[in-house]
Amino acid sequence: MTSPTPDADGHTVSPDAGALVVDRRSCKVGVVMGHVGPYVQLRPPRGGREWDVPPEDVRTPTPTEE
């Protein structure tokens with residue numbers, strides 16, 4: 001598991017596999033697939049190519065983003 005990171009409201013986020021999160025860098029929503037080295041691996045909710053995100057760049061989605 002990665003280190004907890006704050007979301008947009010300052011709440012702590014610890015993204016476990018299966019969690020829905022937002023990549024702050026690209027504003028893309030993704031499902032946490034796992035963790036490799038220092039990165040969180042995300043995949044689009046409807047499938048597609050995974051991408052790596054530093055844990056400090058993920059946050060919980062807003063209700064609209066979900």
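I began with Val-36 and looked up its bridge partner in S5, which is Tyr-39. The model I am reading is a predicted one. I then took the strand pair as a whole: S4, residues 28–36, runs antiparallel to S5, and I noted 5 bridges between them.

Next I traced the sheet. I found an open sheet of 5 strands, ordered S6-S5-S4-S3-S7, with antiparallel pairing. At its edges I noted S6 and S7 (58–59), each of which pairs on one side only.

I turned to the nonpolar cores. The largest has 7 residues, and I listed them as Val-21, Val-32, Val-40, Leu-42, Trp-51, Val-53 and Val-58. I recorded that S5 (39–43) and S6 (51–53) each contribute at least two residues to this core.

I then examined Val-29, which I located in strand S4. I classed Val-29 as partly exposed because its relative accessible area is 21%, whereas buried would require under 20%. Setting aside neighbours within four places in sequence, I listed the contacts of Val-29 as Leu-20, Val-21, Val-22, Pro-44, Pro-45, Trp-51 and Glu-65. I also noted a C-alpha separation of 7.9 Å between Val-29 and Glu-66, which lie 37 residues apart along the chain.

My last entry concerns Asp-57, in the loop between S6 and S7. I found Asp-57 buried and without a salt bridge. The nearest side chain of opposite charge is that of Arg-25, at 4.1 Å, and the salt-bridge criterion is within 4 Å. Not counting residues up to four places away in sequence, I recorded that Asp-57 touches Val-22, Asp-23, Arg-24 and Arg-25.

Technical notes:
Residues are numbered from 1 along each chain as its sequence is written. This is a predicted model: local features need pLDDT of at least 70, side-chain atom pairs count only at pLDDT 80 or more; totals for chains, interfaces and linings use all residues. Side-chain values use heavy atoms; hydrogens and water are left out. A nonpolar core is a set of buried Ala, Val, Leu, Ile, Met, Phe, Trp, Tyr and Cys residues joined through side-chain atoms within 4.5 Å. Buried means under 20% relative accessible area, exposed over 50%, partly exposed in between (1.4 Å probe, protein chains only). Helices (H or I, at least four residues) and strands (E, at least two) are DSSP runs, numbered from the N terminus. Two strands pair if DSSP finds at least two bridges between them. Lys and Arg count as positive and Asp and Glu as negative; His and the chain ends are not counted. Contact means heavy atoms within 4.5 Å.
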